[in-house]
Amino acid sequence: IHHISLNESQPRYHLFVELAQERHITNEEKEIFDQMLCEGNSGYKYHRNLSNIHRAEIVTVKRNTFKRLHELLGGMGSGNVNQIKIPRLLKLKAHVDCIVENVY
């Protein structure tokens with residue numbers, strides 16, 4: 001998760017998830033996730049209470065999106081493809097595009 005501002009008045013964290021069944025996350029699920037983040041992360045709770053950031057946004061991506069990203073990362077000369085970890089923060093446009101173009 002990382003907070004970014006996508007033409008919004010306040011930043012928010014964006015969490016990209018790939019589910020076994022493609023579907024949107026309900027508002028109730030998003031609220032539960034936000035509550036859990038507040039309970040587990042004092043920094044997040046602090047900024048939420050001050051209204052410095054919006055509730056985290058959970059974005060569903062199409063199936064195999066992270067597999068495609070994994071393959072793309074492996075093509076960058078990172079060594080053994082089985083040892084590649086998906087980074088918490090994507091910095092290269094090609095990596096970001098791989099995720100954004102597959103939003104469900």
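What covers the buried residues of helix 3? The cover includes strand 2, strand 3 and helix 4, where contact means heavy atoms within 4.5 Å and buried means under 20% relative accessible area, exposed over 50% and partly exposed in between, with a 1.4 Å probe and protein chains only. This is a predicted model, in which local features need pLDDT of at least 70 and side-chain atom pairs count only at pLDDT 80 or more, while totals for chains, interfaces and linings use all residues. Residues are numbered from 1 along each chain as its sequence is written, and side-chain values use heavy atoms, with hydrogens and water left out.

**Overall layout and confidence**

- The chain contains four helices and three strands, which are DSSP runs numbered from the N terminus (H or I of at least four residues for helices, E of at least two for strands), and along the sequence they follow the pattern β-β-α-α-β-α-α.
- Of the 104 residues of the chain, 22% count as buried, and among the contacts with a separation of 6 or more, 60% come from residues 24 or more positions apart.
- The pLDDT, which is the predictor's confidence in each residue from 0 to 100, averages 84 over the chain, and 83% of the residues score at least 70.

**Strand 3 and its partner**

- Strand 3 (residues 57-61) is largely enclosed by the rest of the structure, because four of its five residues are buried.
- Strand 2 (residues 12-18) and strand 3 pair in the parallel sense over five bridges, where pairing requires that DSSP finds at least two bridges between two strands.
- One of the bridges joins Glu18 to Val61 in strand 3.
- Leaving aside residues up to four places away in sequence, Val61 touches Phe16, Val17 and Glu18, and also Phe66, Ile99, Asn102, Val103 and Tyr104.

**Nonpolar cores**

- A nonpolar core is a set of buried Ala, Val, Leu, Ile, Met, Phe, Trp, Tyr and Cys residues joined through side-chain atoms within 4.5 Å, and the largest one here has six residues, namely Val61, Leu69, Leu73, Ile84, Cys98 and Ile99.
- Helix 3 (65-74) and helix 4 (93-100) are the elements that give two or more residues to this core.
- A second, separate core has five residues, among them Leu37, Cys38, Ile53 and Ala56.
- In soluble globular proteins, nonpolar side chains tend to be buried together.

- In helix 3, the residues Thr65, Leu69 and Leu73 are buried.
- These three residues lie on the same side of helix 3, because they cover an arc of only 75 degrees around the axis, the arc being that of the directions from the helix axis to the C-beta atoms.
- In helix 4, the buried residues are His95, Cys98 and Ile99.
- These residues of helix 4 cover an arc of only 95 degrees around the axis, so they are on the same side of that helix.
- The buried residues of helix 4 pack against strand 2, strand 3 and helix 3.

**Cysteines**

- A search of the whole structure finds zero disulfides, a disulfide being a pair of cysteine sulfur atoms within 2.5 Å.
- Cys38 is buried, at 16% relative accessible area, and Cys98 is buried as well, at 11%.

**Loop residues**

- Lys62 sits in the loop between strand 3 and helix 3 and, at 35% relative accessibility, counts as partly exposed.
- Not counting residues up to four places away in sequence, Lys62 touches Glu18, Glu22, Glu101, Asn102, Val103 and Tyr104.
- Although Lys62 and Ala20 are 42 residues apart in sequence, their C-alpha atoms are 9.6 Å apart in space.
- Asn64, also in the loop between strand 3 and helix 3, has a positive phi of about 70 degrees although it is not a glycine, and it is partly exposed, with a relative accessible area of 37%.
- Ser51, in the loop between helix 2 (42-49) and strand 3, has a positive phi near 60 degrees and is partly exposed, with a relative accessible area of 45%.
- Most residues other than glycine have a negative phi.
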